[in-house]
Amino acid sequence: MYVAVKGGEAAINNAHRLLADRRRGDRSLPSMTIEQIVEQLGLAVDRVMAEASLYDRSLAALAARQSRGDLIEAIFLLRAYRTTLPRFGMSVPLDTARMQVERRVSATYKDLPGGQLLGPTFDYTHRLLDPSLLEDQPVDEPARRPAPDEEVMRVSDILAHEGLIEGDGSFPEEHEAGDLTREPMEFPMPRDLRLQALARGDEGFLLALGYSTQRGYGRNHPFVGEIRIGEVEVEMDMPELGFAVSLGRIRVTECQMVNQFKGSAKAPPQFTRGYGLVFGQSERKAMAMSLVDRALRAQELGEDIIAPAQDEEFVISHSDNVQATGFVEHLKLPHYVDFQAELALVRRMRGDIEKARTQDDDMQEAAE
Amino acid sequence: MTAVREPALRPEQAARQRAAGLLAKATIAELKAAWDGLPQKPAAKPVRGPETGLVMVRGRIGGGGAPFNLGEATVTRATVLLPSGTAGHAQALGTSKEKVRLAAVFDALWQEEATQNWVEAELLAPVEDRLAAEDRQKAEETAATRVDFFTMVRGED
């Protein structure tokens, strides 16, 4: 029997009206603009873009505002929006070597072409709350120094000269990059698909997994070969023109993790690599991604799969916070009938046990 | 299906590529100002769009290896036709339809001999200068955060 229950409509309407009120908050305060969110909460905007897998700063800021700052809700909104748009095509792969670098550090080489460029980093701050930000104090313009006309060389290219590090990661010529948004997930999964999943994966989840590899659950001896943040051109081939044109620039964060590797039956001793590439400025995410990318290459490199971070199906199936939140949060929706059925079942089981116990007691009393 | 860039574009292709890239990076304010300053405003007919969609942005494994799908970006594109019969195309990141429609009009005007110099002088060159100045400023601000290592000499020599 199926019984439809109605009656939530007025409550839902009023709940949404209340939500709109609470979102706006105290009306005596000015409302935040999208531009303010983009400019002043830029890293929250970046996180929404990265995990929604959609680069658009204004829309990500709108989503963050609409969600009252609940970033997973904002990611959900942006993911839902993307399904309403047609796809025009694919970009030419980004050339991160030609990035306009805003930050670049290496933990493996002190003096390297292009130098260590700290950029706008939280590193080396004392993590003390700054009372000057309670008010709207004027802020100094950044310091400037003539920029040398020196190429900011990739660290992986430096190491490659010695032949002690593996290459960038290739597939046979005929391999086409898979697309998670178009094809159902299947395991085992090639590295290109894994990277797509990790690039949109939940930062907290990947951070915890990356951390677990450092603590010994699938240890892989990482060094940050290089982190670079900056803008790259997005180019697309134009069939009507016969060549690629720029659509503009996006900011990305790239992490090249270099891992010591003592060799296995499949590969000689060398440095292996994990790769992280993320929309926006997010080096924590890019670093975590590269640690997990490397851990997930265990099978390819002939390592024992002993830790959660090396388990491809476990990691990739649980990395998406929109899927995760959907399944966890659906538990709060009405399960009245399921629960009534379970309640009846538990009552019956309890009744059976109690009846059996009374009979046992009766028999014992009779025997005494 | 790796997009291999043409080894060398012919000069007129390279010029068109530069113009398209600058039109994509022009702000709506720059495009509107150029339109307002245009001595003769053509009645451009929309052929396609302006329409907003997605482009799948690809990266390369390890930075230079096999391509993978990084995530999508919003893109708006438009094609217009001038009364003279010249078609203009434009495409740019973001969702601004008005910006891209104007960019398509200027793409068409740039292709016409009579207006090319005007578009170059009044729109493309100023946009190029602004971009170069912004890039220089950013590069200089970043350069000021470069670490100058020095060695501390300790003890007796």
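I began with α4(A) and α5(A), which are oblique to each other (angles under 35 degrees count as roughly parallel, over 145 as roughly antiparallel, 65 to 115 as roughly perpendicular and the rest as oblique).

Before going on, I noted that this is a predicted model, where local features need pLDDT of at least 70, side-chain atom pairs count only at pLDDT 80 or more, and totals for chains, interfaces and linings use all residues. Residues are numbered from 1 along each chain as its sequence is written, while chains are lettered from A and ligands numbered from 1 in the order in which they are written.

**Entry 1: α4(A) and α5(A)**

I looked up helix α4 (residues 57-66) of chain A and helix α5 (residues 71-82) of chain A: their axes come within 8 Å and cross at roughly 130 degrees. Axes here are lines fitted to C-alpha atoms, for helices over the stretch in contact, and angles run from 0 to 180 degrees between N-to-C directions. Helices (H or I, at least four residues) and strands (E, at least two) are DSSP runs, numbered from the N terminus.

Which residues make the contact? I found L59(A), A60(A), A63(A), A64(A) and Q66(A) on α4(A), facing L71(A), A74(A), L77(A), L78(A) and Y81(A) on α5(A). Two residues are in contact if their C-beta atoms, placed from the backbone, lie within 7 Å. I sorted this contact by class and got 9 nonpolar, 1 polar and no charged residues. For the classes, Ala, Val, Leu, Ile, Met, Phe, Trp, Tyr, Cys and Pro count as nonpolar, Asp, Glu, Lys and Arg as charged, and the others, Gly among them, as polar.

**Entry 2: α5(A) again, with α11(A)**

Next I followed α5(A) to helix α11 (residues 321-329) of chain A, where the axes come within 10 Å and cross at roughly 110 degrees. The two helices are therefore roughly perpendicular to each other. On α5(A) I noted I72(A), I75(A), F76(A) and R79(A), and on α11(A) N321(A), V322(A) and T325(A). This contact divides into 4 nonpolar, 2 polar and 1 charged.

**Entry 3: a sheet in chain A**

I then traced an open sheet of 4 strands in chain A, in the order β3-β4-β5-β6 with antiparallel pairing. Two strands pair if DSSP finds at least two bridges between them. Its edge strands are β3 (100-105) and β6 (270-279), each pairing on one side only. Neighbouring strands are turned by 25 degrees against each other on average, direction ignored.

How many bridges join β4 (residues 222-238) to β5 (residues 243-261) in chain A? I found 16. In β5(A), E254(A) is the bridge partner of R228(A).

**Entry 4**

Chain B has 4 helices and 3 strands, running α-α-β-β-β-α-α from the N terminus on. Its C-alpha trace spans about 85 × 40 × 30 Å along the principal axes.

I saw that 55 residues of chain B are in contact with 70 residues of chain A. On the chain B side, β2(B) gives the largest share, 10 residues. By class, that side has 23 nonpolar, 19 polar and 13 charged residues.
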